[in-house]
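Morning, everyone. Please bring up the model on your screens, and we will walk through it together.

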Amino acid sequence: MWRFVGGRLLQAIPVILAVITVTFFLVRIAPGGPFDSEKAVIPEVKAALEAQYRLDLPLGQQYLAYLSDLARGELGPSFKYPGRSVNELIAAGLPATAELGAYALLVAVLLGGLAGVFASLKPNSAQDYIPMSVAMIGICMPTFLLGPLLVLVFGIHLEWLPVSGWGDMPGDKILPSLTLGAAYAAYIARLSRAGMLEVMSQDYIRTARAKGLPEWQVVTRHALRGGLIPVVAFLGPAFAGLLAGSFVVETIFQIPGLGRFYVQAAFNRDYTMILGTTVFLSTLIVLFNLLSDILAAWLNPRLRAQYGEA
Amino acid sequence: MALLSVRDLQVDFTTRNGRVTAVNKISFDVESGKITAIIGESGSGKSVACYSLLGLLPSPPASVECGTALFEGRDLLAMSEAQLREIRGRDIAMIFQDPMTCLNPYMTVGDQLVEPLVYHGKVSKAVARERALELLGEVGMREPAATIDQYPHQFSGGMRQRVMIAMALINEPKLLIADEPTTALDVTIQAQILKLVAELQHKRNIGVIFISHDLSVVADIADEIVVMEKGQLVERGDRAAIFERAQHPYTRKLLDAIPAGSKAVSSEARDDLITVSHLCTWFGQGRGREPLRAVDDVSFTIQRGEVLGLVGESGSGKSTIGRSLLRLVPITSGEVLFDGTDVTALEGVALKQMRRRMQMIFQDPYASLNPRMSVYDALAEPLLLHGIESRKTVEQGVLKLMDDVGLARAFVRKYPHEFSGGQRQRIAIGRALATRPEFVVADEPVSALDVTIQAQILDLMLELGREYGLTMLFVSHDLAVVRHIADRILVLYKGKVVEQGTGEALFERPQQEYTRQLLQSIPGRLLLA
């Protein structure tokens, strides 16, 4: 098991390194720089700023210097927020984003899983078509449309829930979590329906019925585990996607999260901030993928045995 | 009174093309302490009839149209699902064909075993576990205490079937329905499982319905035999009546299909086409681990035009030998001479040319044909690839192959799923013969087929072998089948040749203990001798 985890972690290093390299050079190729602005800046001041942030060095040296900082866990100073390091900024934005992501994932798994399993029990009936059609709409509906719609209905029209904020008022976390989780809930509904349908057609389900078990026990004891393995394998990419994609929701609901820093950094050409968040998020993506792989393997005794040996 | 008495059972299926009657007004009885065998080909309705008794058929499309099934005086067909559920797994238990897929891969064997007892018997898990351990010992599991917490994939096919049997018996049912319980197993394992079922049935005095496509399987154990064809019951009688005085032509066809007798040995001297010396194929070497010696120092020759039979259990290395000859697996050491050329040294173009002269037919015609290629495409591909036919003449070539393997020309544009198992195997044979090979490796080509279809395919292979002047390596776990088709037989055990000779010599005068054991495993050998 540890060998498998270790191997996967080692594989992650070149992946993350490639992400850093590509991002590093891409942001520098993009037109404009961090200290360009409409106002004319005195050339001496600009030169001094660039020297302070090592932008006057040749590109290769900048790259190596960044890598050596990174190896010490330093993501560098932010260009646009003077006096604050990228580490500090990420630490400031992460809690809200992580919490939002976790709630959204919970929404996705509970709503999606229930809908998928429910639909799979009576395939090609109304019980199947209705939740699956809703899921299809959920996949098609962009977050920037769903968010305002929910705000309109539950916030303004019904006045049940606050329309924005994060942790300021009771219930203000519900709408953002729903908005962010909806699309993933729809994916999970489709995945779990397909997984359950496949498992329910297996011979061992017939064996379970031949034992005289009632149908709900056949589903919960015999089918659920195998049917939900595809969902578990999807959780890693889903959580990473939630974190990375939370920007829109954070903007709609005025949440002080990581996503907003990330996008602002791109507009501002805040090189270290862009790089820092990219490195941080790609590391998270790799980690969560690994985590869900381990979980999926642990659920499947066959794979567990394989990795146990390796 | 009979334990189970089925009268006028009719089961229909609603399909897109209208209603199909799968089981047509059949009647039979099962007595306590007796085995009733239901025999018929795939699609004869034998399984459908039994599943319908327990309400295990998906409905729709299936529906029981009429009939009664009195089990201890109560009509199973009139019961509600809840009433049936009380009987399923408690009074009537089932064993299924494929122990690989019928056990839940995500649950330990023990958890699955105790389930029927905990649910129906309302006993605690600990008590049920004690009972399960006892039963595992009774069905012949070594070290039940060590294996009860393992997962199904850690067991061999035979062991899994023993687990299934223990699971079926854990509530001491009065009736056991066994649906082809040995069809997926090797002959030797089949013999053990048959013996076990008969013993347990005798000891507990329970009634058994034993479903099979193969009359020889039930020859030693059945008390009553019911023969079904296309949903109809064509004949029923006790064992002696069926085997000695079969009335219906279909029953006789089933009896004739049982492979028996040796092939006549031709005495003409022929040169060796293939010489294998000291062949070793090992897997998983390196990192200081002991390699799996799948084939371990095997030497033999095959004469031109000869059919050499290769017999052994799963894991004996018989398939690996076939694959090694064709260079489909890397050979560890040894030499394979084909018509004077060392196959093991060939690379690139020379290997491709050699492969044209050697072909393979696989066990599972379902898996080995590309589902997205029509028969025409499947047969035309090798013809064009090896330049045997040009674009202009390829259609004629394909049609000729269709004729040769006995498929109607009209089927040429159809896809594999539209054919039956036997027809698919004919396609696979046609594809193998397309390159005009001199040598064919047939790896269990009839193991997945019904007995009657099996006989047809064996005859086809013999006939084509003569017509094409083929040399053949015929790999099978079934001695009776090999004896029917092979000139000479090699018996393989754990990667080594233990005995070889003509079919007659092996059957009459087996020299080795293992060969004797294989011979004793052939079902119905006493009755059919």
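One definition to start: helices (H or I, at least four residues) and strands (E, at least two) are DSSP runs, numbered from the N terminus. With that, take Pro365(B): its place is in helix 14 of chain B, residues 365-368.

Now some ground rules. This is a predicted model, where local features need pLDDT of at least 70 and side-chain atom pairs count only at pLDDT 80 or more, while totals for chains, interfaces and linings use all residues. Residues are numbered from 1 along each chain as its sequence is written, and chains are lettered from A and ligands numbered from 1 in the order in which they are written.

Back to Pro365(B). Is it buried or exposed? A residue is buried if 20 or more other C-beta atoms lie within 10 Å of its own, exposed if 12 or fewer, and partly exposed in between, with C-beta atoms placed from the backbone. Pro365(B) has 24 other C-beta atoms within 10 Å, so it is buried.

What does Pro365(B) touch? Two residues are in contact if their C-beta atoms, placed from the backbone, lie within 7 Å. Leaving aside neighbours within four places in sequence, Pro365(B) contacts Gly421(B), Arg424(B), Gln425(B) and Ala428(B). Phe300(B) is 65 residues from Pro365(B) in sequence, and 29 Å from it in space, C-alpha to C-alpha.

Now look at His278(B). This residue sits in strand 11 of chain B, residues 272-283. His278(B) has 11 other C-beta atoms within 10 Å, so it is exposed. Not counting residues up to four places away in sequence, its contacts are Asp297(B), Ser299(B), Ser333(B), Gly334(B) and Glu335(B). Take Ser333(B): it is 55 residues from His278(B) in sequence, and their C-alpha atoms are 7.4 Å apart.

Two backbone angles next. Asp339(B) has a phi near 55 degrees, a positive value in a residue other than glycine. Find it in the loop between strand 14 (333-338) and strand 15 (341-342) of chain B. Asp339(B) has 16 C-beta neighbours inside 10 Å, so it counts as partly exposed.

Glu444(B) is not a glycine, yet its phi is positive, about 50 degrees. This residue lies in the loop between strand 17 (439-443) and helix 18 (451-468) of chain B. Glu444(B) is buried, with 20 other C-beta atoms within 10 Å.

On to the cores. In soluble globular proteins, nonpolar side chains tend to be buried together. Here, a nonpolar core is a set of buried Ala, Val, Leu, Ile, Met, Phe, Trp, Tyr and Cys residues joined through C-beta atoms within 7 Å. The largest one has 159 residues, and Ile39(B), Ala166(B), Val218(B) and Phe474(B) touch the most other members. Helix 7 of chain B, residues 157-169, gives the largest share of this core, eight residues. Where does Val218(B) make its contacts? Beyond four places in sequence, they are Ala37(B), Ile39(B), Phe210(B), Ser212(B) and Ile225(B). Another core lies apart from that one, with 47 residues, including Trp166(A) and Ala183(A).

That takes us to chain A. Its secondary structure comes to 13 helices and zero strands. The C-alpha trace spans about 85 × 60 × 30 Å along its principal axes. Of the 310 residues of chain A, 37% count as buried. Take contacts in chain A between residues at least 6 apart in sequence: 74% join residues at least 24 apart.

Finally, where do the chains meet? In this model, 22 residues of chain B are in contact with 17 residues of chain A. On the chain B side, helix 2 (81-87), helix 3 (99-102) and helix 4 (109-121) each give two or more residues. Helix 4 of chain B supplies the largest share, four residues. By class, that side has eleven nonpolar, five polar and six charged residues. For those classes, Ala, Val, Leu, Ile, Met, Phe, Trp, Tyr, Cys and Pro count as nonpolar, Asp, Glu, Lys and Arg as charged, and the others, Gly among them, as polar.
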